[in-house]
Amino acid sequence: MSETKQLVPPIDMDLEKKPALTPCSSESSLEGSTKTNSIVLQKALECQAALNKFPRTKLAHLPTPLEYCPRLTEALGGVNIYVKRDDCTGLGTGGNKARKLEWLMGEAKKQGADYVMTQGATQSNHARQTAAAAAKLGMKCHILLEDRTGSKDIDYTENGNVLLDDLFGATREKRGAGLNMNEELEAVADEYRAKGHNVYTIVGGGSNEVGALGYVNCVYEMIQQFDEEDLDIDYICHATGSSGTQAGLVTGLAAAESDIKLLGFGVRAPKENQEEMVYSLAERTAIKIGKEGVVKRDDVVADSSYVGPGYGIPAESTIEAIRMFAELEGLLLDPVYSGKGAAGLIDYCRTGKFKKGDNVVFLHTGGNAALHGYLKAFK
Ligand SMILES: *Cc1c(COP(=O)(O)O)cnc(C)c1O
């Protein structure tokens with residue numbers, strides 16, 4: 001399945017305030033930079049075509065918009081902020097898991113599954129989007145929810161994503177924290193298989209080399225958008241958790257020989273563990289797309305400085321980021337992932353790690369359905 005061509009930017013985009021094409025570094029001439037971009041674009045299109053051999057089912061609204069954020073740009077000292085709106089993927093209120101699920105559910109359908117099963121934290125966006133995908137495709141869905149935060153707040157345990165899991169017709173069961181959840185999942189799946197079901201299991205976050213294809217493909221979608229908008233992007237940053245998003249992105253960028261720098265802001269694991277997890281999945285993803293060895297360890301950069309008190313517990317900087325994006329741009333982040341990623345982005349602008357004039361894409365991975373599980377965090 002090929003992507004439809006990117007539409008003309010929406011007319012209400014503030015074109016006047018949009019910065020002109022800025023070369024990545026001062027040494028590179030405009031001409032040189034354009035030439036490099038066309039090679040990268042060519043490679044991206046070739047890589048994208050090569051993905052066609054894997055089963056895929058259409059679930060997401062693609063391409064998602066790329067929007068310039070003039071008010072955030074101004075508030076953050078002139079670092080040009082663009083938001084890639086993967087919160088607008090459409091499936092079950094949207095978010096990054098829709099892209100992974102196109103390939104995962106494609107495989108499930110091909111295998112003739114009648115049940116899809118997955119696992120996640122109580123307020124898992126991945127579980128919610130899997131439930132929506134199963135509903136759309138006429139499959140049954142069962143999910144295991146791990147209580148990682150210990151919260152007894154009914155908003156957290158029953159509202160937000162949990163309410164939506166139920167509305168999409170999924171069944172669910174709970175687990176305490178600290179178990180090997182993928183093993184728990186396989187054990188439950190085996191019980192269903194013993195009863196005659198054809199069960200397709202999806203690892204936490206949909207983060208294996210099949211799901212990661214969704215973000216390999218996202219790179220090529222973005223490269224086409226950058227080309228059409230004449231943008232020289234310096235950085236792409238985003239929240240990184242179970243690692244499939246970053247692994248797909250880093251693999252896609254390496255395969256297209258792009259020099260855009262990628263940065264993941266961790267939401268759970270310490271930097272070293274997060275990077276190892278991403279690198280390991282990126283290596284497997286590269287093999288899957290026939291580009292073994294294309295990703296270098298140094299390409300994988302995660303910063304886990306914005307996790308705060310722990311997974312699923314917002315830090316002060318998380319709440320500040322959520323309020324800032326909402327008040328300045330009408331964008332909704334979430335307290336578990338995108339709010340922490342945005343807190344990293346904001347801090348990198350304030351501390352000069354991103355500089356005035358840099359072109360930075362914040363990949364908005366979604367998650368705002370979880371906001372309703374966190375009422376008390378905003379009081
Ligand atoms: C799952 C998720 C992420 C992290 O993506 P991974 O592929 O798990 O690293 C980021 N943001 C949101 C909203 C998510 O639901």
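Start with helices α9 and α10, which are oblique to each other; angles under 35 degrees count as roughly parallel, over 145 as roughly antiparallel, 65 to 115 as roughly perpendicular, and the rest as oblique. Select residues 271–288 for α10; its axis comes within 8 Å of that of α9, and the two cross at roughly 50°. Axes here are lines fitted to C-alpha atoms, for helices over the stretch in contact, and angles run from 0 to 180 degrees between N-to-C directions. Show side chains for G244, Q246, A247, V250 and T251 of α9 and for V278, L281, A282, T285 and A286 of α10, which make the contact (heavy atoms within 4.5 Å). Six of these residues are nonpolar, four are polar and none is charged. In this count Ala, Val, Leu, Ile, Met, Phe, Trp, Tyr, Cys and Pro are nonpolar, Asp, Glu, Lys and Arg charged, and the others, Gly among them, polar.

The model is predicted, with residues numbered from 1 along each chain as its sequence is written; local features need pLDDT of at least 70, side-chain atom pairs count only at pLDDT 80 or more, and totals for chains, interfaces and linings use all residues. Side-chain values use heavy atoms, leaving out hydrogens and water.

**The six-stranded sheet**

Next, colour the open sheet of six strands, ordered β1-β2-β10-β7-β8-β9, with mixed pairing. Strands (E, at least two residues) and helices (H or I, at least four) are DSSP runs numbered from the N terminus, and two strands pair if DSSP finds at least two bridges between them. Find β1 at 66–68 and β9 at 302–303: these are the edges, and each has a single partner strand, so one side of each has no neighbour in the sheet.

Now select 235–240 and 359–364, which are β7 and β10; they pair in the parallel sense over three bridges. Within this pair, C237 has F362 of β10 as its bridge partner.

**The four-stranded sheet**

Move to the open sheet with the order β5-β4-β3-β6, where four strands pair in parallel. Select 171–175 for β5 and 199–202 for β6; these are the edge strands, and each pairs on one side only. From one strand to the next, the twist averages 20°.

For the pair β3 and β4, select 115–121 and 140–146; they run parallel and are joined by seven bridges. Zoom in on G120, whose bridge partner in β4 is L145. Helix α3, at residues 97–110, packs on this sheet and touches β3 and β6, its direction making about 155° with that of β6.

**Two neighbours of α3**

Which residues of α3 meet α4? They are K97, A98, L101, M105 and K109, and on the α4 side they meet N125, H126, Q129, T130, A133, A134 and L137. By class, this contact of α3 with α4 holds six nonpolar, four polar and two charged residues.

Helices α3 and α8 pack at about 120°, with axes 7 Å apart. This pair is therefore oblique as well. Select R99, K100 and W103 on α3, then L213, G214, Y215, N217, C218 and E221 on α8, to see the contact. Its residues divide into four nonpolar, two polar and three charged.

**Backbone stops in the loops**

Most residues other than glycine have a negative phi, and most peptide bonds are trans.

- Select L62 and P63: the peptide bond between them is cis, with omega near -5°. P63 lies in the loop between α1 (30–50) and β1.
- Select D230, which is not a glycine but has a positive phi of about 55°. D230 sits in the loop between α8 and β7.
- Select S243, another residue other than glycine, with a positive phi near 90°. S243 is in the loop between β7 and α9.

**Zooming out**

Finally, select 59–366. In an unreviewed entry, UniProt lists these residues as "domain: Tryptophan synthase beta chain-like PALP"; positions are given in the numbering used here, feature names are shortened, and annotations may be inferred rather than shown by experiment. Over this range the chain is 43% helix and 17% strand, and its end C-alpha atoms are 15 Å apart.
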